[in-house]
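Thank you all for making time this morning.

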Amino acid sequence: MQFADNPQAWHEVPPTAGLPLRLSDLLPGRAKLATAIADFLQIEYAQLESSGTAALVIALHALHGMAPQRNVVIIPAYTCPLVALAVAQCGLNLRICDLQPDSLAMDPVMLASLCDSNTLAIVPTHLCGRITAIATAQACARDCGAWVIEDAAQALGAKVGSTSVGSNSDLAIFSLAVGKGLSIYEGGILTARDPAIRAACAAASQRLAPTRPWLEVQRASELAAYALLYRPALLPLAYGRPLRHALHLDDWLAAAGDRFPVQTILHRPGSWRQAVGARALKRLPAFQARLHQQAVRRLPLLRAISGIKVLEDEEGKGVWPVFTVLMPDRTARDAALQALWGSGCGISLPFVHALPDYSYLTEIMPAAALEKRALPNARHFASRVLTISNSPWLDEASFSYICASLAAICKPG
């Protein structure tokens, strides 16, 4: 893959707008990050886990313990592969639901057909900070006696009305991984409304997520390096060079960070990383307000490009780590990636494929999902989607350059 010239070649824009850490965040200390995040979300309960995936694994174990006769989890066909891997790690069975056209919401007719007395949970996804309408998932779950787990991994701080996204479902998970709105390098938050579910989740965490000192030392070192390198002048070393190497090899999974381990190691995040997160959390509301203001300024420029669709919230008020764009077709999308991915301007992919099209997920996919004509909307979505960073480090000249490039690619003839 050849790369276009970057208008701001002196630095690299990250693919998502994560909150930068300060050196003062790294001072010694102790804090209960779950309590701080519960206060931030204005909810009663939050549980800290070692990653968003770990939070989902804990949630599923807790629910399965409450309803051991149920063993099916329904997830959207376009979402993070880690969601499918988490279900498999729990020994549960996957059912894959197609999307509505040009949407991240699950197809209501197919979703209803997948639900039955074996259904344990339905997991709708709020991808890239956008809020997906979940009323259909909630209705289907009520009808079959299942629970709803909102995957809000990329939507910490998003709201529906005056409440946090996820507050109106049984459970929700948020990610504190690299590049997310708030990061402790690897971490996750689990929330639940019902006291019985909270108790089950706490018990599952005590049973399955031990203290692992060797792994916490590794995570602490990675967090310190992340705090140092997550800045425009050093990102070419930490992110840009590996990205361009992967693209040179035509390895899109590596470029998009889409190759994940089959098993997620569960452990307890240490007190120092929690203190780092609690200090940074105090700056998150102002940072997200700045991203929202920048998105409001830039959205009209994207909407004005003929032939593309900008994904926006289906309800509520999401957060804006990226802009998510659907190009007219795969040819146009791939042309945009050819021109811009790897140029340092913050262009990327949320995920490369619909779930059944990852070769390393084939063994855990239901046979019906692997059929070539299955899940047409999700596969069409995956073939057309790309993201544009909403980082404050993406200046106006570079954003205009991106818009001009997309407009030229989409121009008829």
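Let me begin with a question: which residues does Ile388 touch, not counting residues up to four places away in sequence? With contact taken as heavy atoms within 4.5 Å, Ile388 touches Leu302, Val322, Phe323, Val325, Gly346, Ile347, Leu394, Phe399, Ile402 and Leu406.

Before I go further, please keep in mind that this is a predicted model, in which local features need pLDDT of at least 70 and side-chain atom pairs count only at pLDDT 80 or more, while totals for chains, interfaces and linings use all residues. Residues are numbered from 1 along each chain as its sequence is written, and side-chain values use heavy atoms, with hydrogens and water left out.

Ile388 belongs to the largest nonpolar core, which has 132 residues, and Leu60, Tyr78, Ile149 and Ile388 are the ones that touch the most other members. By a nonpolar core I mean a set of buried Ala, Val, Leu, Ile, Met, Phe, Trp, Tyr and Cys residues joined through side-chain atoms within 4.5 Å, and buried means under 20% relative accessible area, with exposed over 50% and partly exposed in between (1.4 Å probe, protein chains only). Helix H2, residues 52-66, gives the most to this core, with nine residues; helices (H or I, at least four residues) and strands (E, at least two) are DSSP runs, numbered from the N terminus. There is also a second, separate core of 14 residues, and among them are Ile74, Cys97, Ala146 and Val148. In soluble globular proteins, nonpolar side chains tend to be buried together.

Now to the aromatic rings. Rings of Phe, Tyr and Trp (its six-membered ring) pair if their centres lie within 6.5 Å, and planes under 30 degrees apart count as stacked, over 60 as edge-to-face and the rest as tilted; by this rule there are nine aromatic pairs. One of them joins Tyr78 to Phe381, a tilted pair at 5.1 Å centre to centre with 50° between the planes. Tyr78 lies in the loop between strand S2 (72-76) and helix H3 (81-89), whereas Phe381 is in helix H14 (residues 376-384), so this pair ties together parts that are 303 residues apart in sequence. Both Tyr78 and Phe381 are buried.

How are the rings of Tyr185 and Tyr226 arranged? Their centres are 6.3 Å apart and their planes stand at 75°, so the pair is edge-to-face. Tyr185 sits in the loop between strand S8 (171-175) and strand S9 (188-192), and Tyr226 in helix H7 (residues 213-229), so here the parts tied together are 41 residues apart in sequence. Tyr185 counts as partly exposed because its relative accessibility is 21%, whereas Tyr226, at 7%, counts as buried.

Two strands pair if DSSP finds at least two bridges between them, and S9 pairs in the antiparallel sense with strand S1 (residues 47-49) over three bridges, where Leu48 stands opposite Ile189. S8 and S9 also run antiparallel, joined by five bridges, and Ser175 has Gly188 as its bridge partner in S9.

Elsewhere the pairing is parallel: S2 and strand S4 (residues 119-122) share three bridges, with Ile74 partnered by Ile122, and S4 and strand S5 (residues 147-151) share two, with Ile122 opposite Val148.

For those of you thinking about cysteines, the structure holds zero disulfides, a disulfide being a pair of cysteine sulfur atoms within 2.5 Å. For Cys115, the nearest cysteine sulfur is that of Cys144, 4.3 Å away, and Cys115 counts as buried because its relative accessibility is 15%.

Finally, the backbone. Most residues other than glycine have a negative phi, and most peptide bonds are trans. Gln42, in the loop between helix H1 (33-41) and S1, has a positive phi, near 60°, and Gln42 is exposed, with a relative accessible area of 61%. Asp102 likewise has a positive phi, near 55°, and Asp102 is partly exposed at 28%.
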